[in-house]
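Dear colleague,

I am handing over the structure below, together with an account of what was found in it. Please look through the sequence and the model before reading on.

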Amino acid sequence: MNLTHQGSHREHNLRVIFHSRPGVNGEPTADNFKTEECPMPDAESLPRGFLMIKNLYISVDPALRCRMNEDTGVHYMKAYQLNTPVDGLGGVGEVMASADPKIEVGDIVSATFLWPWASYFTIESTNVRKLQKDLFSQHPSLALSLLGGTGLTAYLGMVERGHVTREGQQTVVVSSAAGATGSVAGQVARILGAKRVVGICGTEEKCCILTRELGFDTAINYKKDDVAAELTKACPEGIHVYFDNVGGVLSEIVIDKMVQNGHVILCGQIAMYNKDVPYPPPIEARLKEILQERNITRERFLVLNHAEKFEQSLSVLAEWYAAGMIKVKETVVEGLGNAPKAFASMMRGGNNNIGKLIICVNQP
């Protein structure tokens with residue numbers, strides 16, 4: 001076995017534990033988790049094919065709310081078990097010791113699933129991907145935002161489900177538009193050639209960022225504005241594509257204004273995650289009639305079903321980023337111990353959260 005490692009580590013190791021369930025209809029709080037000290041991994045006795053990782057960044061995602069219930073309601077994520085360590089939907093770390101000859105100490109790696117919420121941990125090398133230093137050395141967290149699952153969801157959602165093209169002359173509406181996926185999805189739609197891009201979010205600050213920095217034509221504050229009236233003004237030709245991140249009443253208002261042969265990209269339903277309903281949540285009979293009469297597609301979008309297109313899609317996003325065509329917004333919270341509070345804030349609407357919410361566990 002080719003075992004290499006970098007020095008000895010005297011740092012305290014911390015991890016996040018799942019402490020209690022909020023209840024299927026309950027709002028999660030920081031108290032559903034706890035942070036505790038745990039032993040440092042032993043760099044000298046790594047099994048063949050394993051790595052010791054210094055955690056740099058972890059992704060904080062609304063979908064983790066499903067794992068807090070006894071039944072997640074989806075086949076691709078398992079429920080958290082009480083009093084066991086938490087793992088999330090992505091992270092970036094530095095290799096501190098390696099028992100895999102293909103991965104060296106100092107390499108930066110990332111993973112999409114089963115990334116521990118711990119300061120240091122071990123992981124099988126087949127579960128990570130090594131990041132290209134030329135792309136990520138200055139900005140490793142890009143692997144969690146634009147050049148990771150978030151960017152892939154936004155891009156492939158618009159291409160595969162929204163069918164956005166320059167020839168289509170479409171008006172695109174994005175809900176939770178200042179969030180991780182929404183902020184990218186709106187920019188992708190603009191680059192692909194949408195005629196108008198309208199974002200819906202929850203603060204005036206977010207509205208300004210959407211229109212002044214991210215290229216949205218219009219932004220609507222759903223907490224302050226009459227959404228139906230503002231959509232009528234912003235979308236005089238109706239709505240062709242709706243990138244749905246929230247569900248609930250807001251999405252019903254949008255769907256009501258969609259045109260013939262439109263597309264709803266059912267990406268997330270954050271407004272419904274604290275309710276005991278199936279996923280995707282049911283909609284009222286009147287909206288079902290609208291979908292049917294106007295031949296509007298409303299299909300659940302799961303990016304994992306398009307894995308064969310990941311490499312090409314990431315290349316496109318990387319080219320756009322390098323050319324300055326697309327911008328990345330991140331809200332970075334310092335310290336693993338703040339992860340539970342940051343997650344709970346996000347699930348309440350997180351007025352200060354713009355773009356991808358990331359926890360910086362250790363400085364690169």
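**What was found**

In this predicted model, the largest share of the lining of the second largest pocket comes from α8, which supplies 5 residues. That pocket holds about 220 Å³ of space, and the elements that give two or more residues to its lining are β11 (129–130), α1 (133–136) and α8 (310–322). Among the residues that line the second largest pocket are Arg 129, Lys 130, Leu 135, Phe 136, Leu 147, Phe 310, Glu 311 and Leu 314. Sorted by class, the lining has 7 nonpolar, 2 polar and 3 charged residues.

Turning to the strands, how many of the 8 residues of strand β7 (residues 91–98) are buried? The count is 8 of the 8, so β7 is largely enclosed by the rest of the structure. Strand β4 (residues 50–59) is joined to β7 by 7 bridges, and these two strands run antiparallel; within this pairing, Lys 54 has Glu 94 in β7 as its bridge partner. Strand β8 (residues 108–111) is also antiparallel to β7, with 4 bridges joining them, and here Gly 93 stands opposite Val 109 in β8.

Elsewhere in the description, an open sheet of 3 strands has the order β3-β2-β5, with antiparallel pairing. In this sheet β3 (33–38) and β5 (84–85) stand at the edges, and because each has a single partner strand, one side of each is left without a neighbour in the sheet. Strand β2 (residues 13–18) pairs with β3 over 6 bridges in the antiparallel sense, and the bridge partner of Ile 17 in β3 is Lys 34.

With best regards

Note on methods. Residues are numbered from 1 along each chain as its sequence is written. This is a predicted model: local features need pLDDT of at least 70, side-chain atom pairs count only at pLDDT 80 or more; totals for chains, interfaces and linings use all residues. Side-chain values use heavy atoms; hydrogens and water are left out. On a 1 Å grid over the protein atoms alone, a cavity is a set of points where a 1.4 Å probe fits but cannot get out, and a pocket is an open set with protein on both sides within 12 Å along at least five of seven lines; lining residues have an atom within 4 Å of a point. Grid points are joined across faces, edges and corners, and a volume is the space filled by probe spheres set on the points. Ala, Val, Leu, Ile, Met, Phe, Trp, Tyr, Cys and Pro count as nonpolar, Asp, Glu, Lys and Arg as charged, and the others, Gly among them, as polar. Buried means under 20% relative accessible area, exposed over 50%, partly exposed in between (1.4 Å probe, protein chains only). Two strands pair if DSSP finds at least two bridges between them.
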